[in-house]
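Let's take a friendly walk through a protein model together.

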Amino acid sequence: MRTPRSGAGGGRREVGPEEQVLPLPEAAYAREVFRTLGGIVEIGSVVATGTWAVADAFVGGLVKARQAEVDRLLAAVRVLGGFSDASMGIADELGYLREYRVTASSLLLWSGCIEEISPRLAELERPSVVRRMCHMGADLQLAHFLQALVTAAIAGGTGVSQGAERVAEALGIAVALTDDGGRSSAAATFRSWRVAFLPGILRPDSSAPDYGRAGFRAYAHALEELLEEAGAGAGPRCGEKAPEPMADDSRWSVRPAPSDGSPARTPPDEPGEG
């Protein structure tokens, strides 16, 4: 799938309030994937404690215990976006896969600040509140992770025949990292993503480019078959064949303008994003 080149100024096209169409460099797509993955592993580290006590949660412990799955997920992401080593290095730069202590305030942000903001931190740290924030955060960040994966695949020129199974695999692993007794599934995340993101991209008055509309619609149809009609909660393992490079390396993104609730902060010792 060819991506149209942006104009000489590389400027932003004005669209409706629900999405933006932006020409972006490869690293921007990688950053979006890894940022949402950060929310997923942070939430998963709390779920893994079995106590809903944020003081017991450490991201590094979860990543180490699930290293094989995390490595498979990252391999799928690399292929989907056609990402270079430098772009893949953003995962380490952001710091979300390293060891750091989780806080209730970060869970509040990952879950979209739906829970009441209390001036007393102890209120946010109650197990019932932490559980609710983890459940809401998992729902929200998994949907945004799927959007980031599909956007990266379309921008990277990875066709549905090569990319859909990898998207399903990466999503299935992400779901497993946040899973609380089978509460979440890749199929449920797909359904949430489809109604939350696709109307703004595919509706008749959308300013999304034609290649973007076609790409998102094709991925939606393929993922429906993989995740719902075939009953696959987690996609098949990645194939060995890498996608062919794009004939045109311009990068575009179609994504919603409103914030997804991710924390406007970085883990301890993380350099700012600039």
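At roughly what angle do the axes of helix 3 and helix 9 cross? In this predicted model, the axes of helix 3 (residues 67–81) and helix 9 (residues 160–178) cross at roughly 150° and come within 9 Å. The crossing is left-handed.

Now look at the side of each helix that faces its partner. Helix 3 brings residues including Leu 73, Ala 76, Val 79 and Leu 80 to the contact, and among those they meet in helix 9 are Val 167, Ala 170, Ile 173 and Ala 174. Charged residues take part too, including Glu 69 and Arg 72 from helix 3 and Arg 166 and Glu 169 from helix 9. By class, this contact has nine nonpolar, four charged and one polar residue.

Zooming out, you will find 11 helices and two strands in the protein. Of the 274 residues, 51% count as buried. Among contacts with a separation of 6 or more, 83% join residues 24 or more positions apart. The accessible surface comes to about 12,100 Å², and carbon and sulfur atoms hold 52% of that.

Is Val 47 buried or exposed? Val 47 counts as buried because its relative accessible area is 12%, under the 20% cut-off. Beyond its neighbours within four places in sequence, Val 47 is in contact with Trp 52, Cys 134, Thr 178, Asp 179 and Asp 180. Val 130 sits 83 residues away from Val 47 in sequence, yet their C-alpha atoms are 9.4 Å apart in space.

How values were computed. Residues numbered from 1 in each chain as written. Predicted model: local features only at pLDDT ≥ 70, side-chain atom pairs only at ≥ 80, totals over all residues. Heavy atoms only, no water. Axes fitted to C-alpha atoms, helices over the stretch in contact; angles between N-to-C directions. Helix = DSSP H or I, 4+ residues; strand = E, 2+ residues; numbered from the N terminus. Left-handed = near helix turned anticlockwise from the far one by under 90°. Contact = heavy atoms within 4.5 Å. Buried < 20%, exposed > 50% of the residue type's maximum accessible area, 1.4 Å probe, protein only. Areas by Shrake-Rupley, 256 points an atom, 1.4 Å probe, with all protein chains shown as cover.
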